[in-house]
Amino acid sequence: MRTKILFTAMAVFVLTVSAIALVGKSLSESSVTGKNVEKSKLLAEVTSNIEYANAKSSIRGNYNINLNKLAKVVISDNYAVSLRGHADSVGLYKSNWVLSDYRAIAIKKFLIKKGVKADRIITTPFGSTVPIASNKTADGRQKNRRVEIELKESSN
């Protein structure tokens, strides 16, 4: 009889310890998953396109918060940044090319002022060659006047 009680007690103990271990593991996995979701949201937020006024390369004030967050992420997580400048199709081809370059460079200068190393940032102008919306509407042209931001994990 004692053997049965002892065996049952040991089985309950082992099952309890196993259950506690499983709960602990799932809690830690859920916190890692939660951190990953938060980081994914942050990365999506800071890499959203920056849009510009017609024929302008100055950064609109409403983008400063995201660009500040972008600078912090690049510095803390050791990313390299690709800035791809674009323009709508209004105006001359060459002027739009230069304007798209100025737009990307404006963001590069902003990030450098916030502490991002210049050698971690590359700018590429595309002019009006890669629209993401129709240039026949004001809304479409607005979407095309942009800088696209892409992050790449750096090994340095």
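1. Ala55 sits in the loop that runs between strand 1 (50–51) and helix 2; helices (H or I, at least four residues) and strands (E, at least two) are DSSP runs, numbered from the N terminus. Ala55 is not a glycine, yet its phi is positive, at about 60°. Most residues other than glycine have a negative phi. With 55% relative accessibility, Ala55 counts as exposed (buried means under 20% relative accessible area, exposed over 50%, partly exposed in between, with a 1.4 Å probe and protein chains only).

2. A word on the basis: this is a predicted model, in which local features need pLDDT of at least 70 and side-chain atom pairs count only at pLDDT 80 or more, while totals for chains, interfaces and linings use all residues. Residues are numbered from 1 along each chain as its sequence is written, and side-chain values use heavy atoms, with hydrogens and water left out.

3. For the overall layout, the protein chain has four helices and four strands, arranged along the sequence as α-β-α-β-α-β-α-β. Of its 156 residues, 27% are buried. Taking contacts (heavy atoms within 4.5 Å) between residues at least 6 apart in sequence, 75% join residues at least 24 apart.

4. Asn78 belongs to the loop between helix 2 and strand 2 (79–85). Its relative accessible area of 25% makes Asn78 partly exposed.

5. How do helix 2 and helix 3 meet? The axes of helix 2 (residues 64–77) and helix 3 (residues 93–113) come within 9 Å and cross at roughly 60°; axes here are lines fitted to C-alpha atoms, for helices over the stretch in contact, and angles run from 0 to 180 degrees between N-to-C directions. Helix 2 is therefore oblique to helix 3 (under 35 degrees is roughly parallel, over 145 roughly antiparallel, 65 to 115 roughly perpendicular, and the rest oblique). On the helix 2 side, the contact is made by Asn64, Leu67, Asn68, Leu70 and Ala71, and on the helix 3 side by Ile107, Phe110 and Leu111. Sorted by class, this contact has six nonpolar, two polar and no charged residues; Ala, Val, Leu, Ile, Met, Phe, Trp, Tyr, Cys and Pro count as nonpolar, Asp, Glu, Lys and Arg as charged, and the others, Gly among them, as polar.

6. Searching the whole structure turns up one aromatic pair. Tyr93 and Trp97 form this tilted pair, at 5.8 Å centre to centre and 35° between the planes (rings of Phe, Tyr and Trp, its six-membered ring, pair if their centres lie within 6.5 Å; planes under 30 degrees apart are stacked, over 60 edge-to-face, the rest tilted). Tyr93 and Trp97 are four residues apart in helix 3, so about one helical turn separates them. Trp97 is partly exposed, at 31% relative accessibility.

7. Ser100, also in helix 3, is buried, with 0% relative accessibility. Not counting residues up to four places away in sequence, Ser100 touches Gly85, His86, Ala87, Pro125, Phe126 and Gly127.

8. Is Asp88 buried or exposed? Asp88 lies in the loop between strand 2 and helix 3, and its 3% relative accessibility makes Asp88 buried. Leaving aside neighbours within four places in sequence, Asp88 is in contact with Asn54, Asn96, Ser128, Asn135, Arg141, Asn144 and Arg145.
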